[in-house]
Amino acid sequence: MRAPGPLLEVEGLSKAFGGVTASDALSFTVMPGEVHALIGPNGAGKTTAVAQIAGELKPDDGRIRLDGREISHLPVHRRALLGLGRSFQITSVLPDFSVLDNVALAVQAHAGHSFRLIRNARRDARLRDPARAMLTRVGLAAVAGRAAGALSHGEKRKLELAMALAGHPRLLLLDEPMAGMGGEDSARMVEVLQGLKGTVAMLLVEHDMDVVFALADRITVLDGGRVLATGDPEAVRADPAVIAAYLGEEGVACQPC
Ligand SMILES: Nc1ncnc2c1ncn2[C@@H]1O[C@H](COP(=O)(O)OP(=O)(O)OP(=O)(O)O)[C@@H](O)[C@H]1O
């Protein structure tokens, strides 16, 4: 039997801002169900790569394929319909609506035509039941009735994750999901992401190496817009080029990076 192909293929992706090459012929893959971490020092090109994959930034050159289909020229919403989920866009949360309403609206937004005419997403069980299920998955079921604006920072990030999951993505793009969180919130988010492992592939940009090594099946290390190394966590941790450029002798990321 043929092994399944990659879910995401990035091939020769290049992007320059004036004289700065942010992506330099970048190539890597994400396999179905895999948690793939993108790491590297400040300015290595991680966010630029994710923005091009999401469709927010136009590459100068290269190709992006999702499940074998070229998506390089598709707008953000078309990529979302094909299974690319982007979390942590805080602007999409409506602060005066309840946590459950926010997720129900996200379910509605992804459900397409059949739901467009339904007036009240707040009452429709076809939207609220899956929304409740998403909240349970991210550990927010207990605050479903609270106004989204009253959530703590950590809870808001989980709400955004639930909203991204509402679109049933096949690949979640997570750019620093623990940013601004304290130790406890961060640990809870790691647990939530661990719980999602295997159900959705994730491309994770993260500076905290404890988080990366706790979650990643594979790691790609960027430096100066190029791939420095790619492989399983143990191989990457032991790679002399990665140690020299990023991890340091102890296998710990330089601080604060
Ligand atoms: N809109 C932009 N205009 C000009 N230069 C940019 C722009 N976005 C990114 N850059 C530059 O491109 C390079 C890569 O930036 P990018 O934000 O992708 O790196 P990063 O690895 O995500 O860094 P960090 O870990 O600090 O978030 C940097 O030199 C950055 O200054």
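Which residue in the turn of the hairpin formed by β4 and β5 has a positive phi? In this predicted model, the residue is Asp67, with a phi of about 55°, and two residues lie between the strands.

## The four-stranded sheet

Strands β2, β1, β4 and β5 make up an open sheet in the order β2-β1-β4-β5, and their pairing is antiparallel. Because β2 and β5 stand at the edges with a single partner strand each, one side of each is left without a neighbour in the sheet. In a regular strand, side chains alternate between the two faces of the sheet.

Going through the sheet pair by pair, β1 and β2 run antiparallel and are joined by seven bridges. Within this pair, Lys15 has Ser23 of β2 as its bridge partner. Strand β1 (residues 8-17) is also joined to strand β4 (residues 61-66), again antiparallel, by five bridges; here Glu11 stands opposite Arg63 in β4. The pairing of β4 with strand β5 (residues 69-70) is antiparallel and has two bridges.

## The β9-β10 hairpin

A further antiparallel pair consists of strand β9 (residues 218-223) and strand β10 (residues 226-231), with five bridges. Asp223 has Arg226 in β10 as its bridge partner. The two strands form a hairpin with two residues between them, and Gly224 in the turn has a positive phi of about 55°.

## Ligand surroundings

Residues around the ligand are Phe17, Val20, Ala22, Gly40, Asn42, Gly43, Ala44, Gly45, Lys46, Thr47 and Thr48. By class, this shell has four nonpolar residues, six polar and one charged.

Two elements, β2 (20-30) and α1 (46-54), each supply at least two residues of the shell. The largest share comes from α1, with three residues.

## Domains and their contact

The domain assignment divides the protein chain into domain 1 (1-83 + 169-257) and domain 2 (90-168). Taken over C-alpha atoms, the centres of domain 1 and domain 2 are separated by 26 Å. Twelve residues from domain 1 and eleven residues from domain 2 take part in the contact.

On the side of domain 1 that touches domain 2, helix α7 (residues 183-196) gives the largest share, six residues. This side of domain 1 has eight nonpolar, two polar and two charged residues.

## The largest nonpolar core

The largest nonpolar core has 64 residues, of which Val103, Ala162, Leu203 and Leu204 touch the most other members. Helix α3 (residues 99-111) provides the largest share of this core, seven residues. Both domain 1 (1-83 + 169-257) and domain 2 (90-168) give residues to the core, so it lies between them. In soluble globular proteins, nonpolar side chains tend to be buried together.

Which residues are in contact with Leu204, leaving aside its neighbours within four places in sequence? The contacts of Leu204 are Val35, His36, Ala37, Leu38, Leu174, Leu215 and Ala216.

Definitions and conventions
Residues numbered from 1 in each chain as written. Predicted model: local features only at pLDDT ≥ 70, side-chain atom pairs only at ≥ 80, totals over all residues. Domains from an automatic or database assignment. Contact = placed C-beta atoms within 7 Å. Nonpolar A, V, L, I, M, F, W, Y, C, P; charged D, E, K, R; others polar. Pairing = 2+ DSSP bridges. Near = placed C-beta within 6 Å. Core = buried A, V, L, I, M, F, W, Y, C linked by C-beta atoms within 7 Å. Buried ≥ 20, exposed ≤ 12 C-beta atoms within 10 Å, placed from the backbone.
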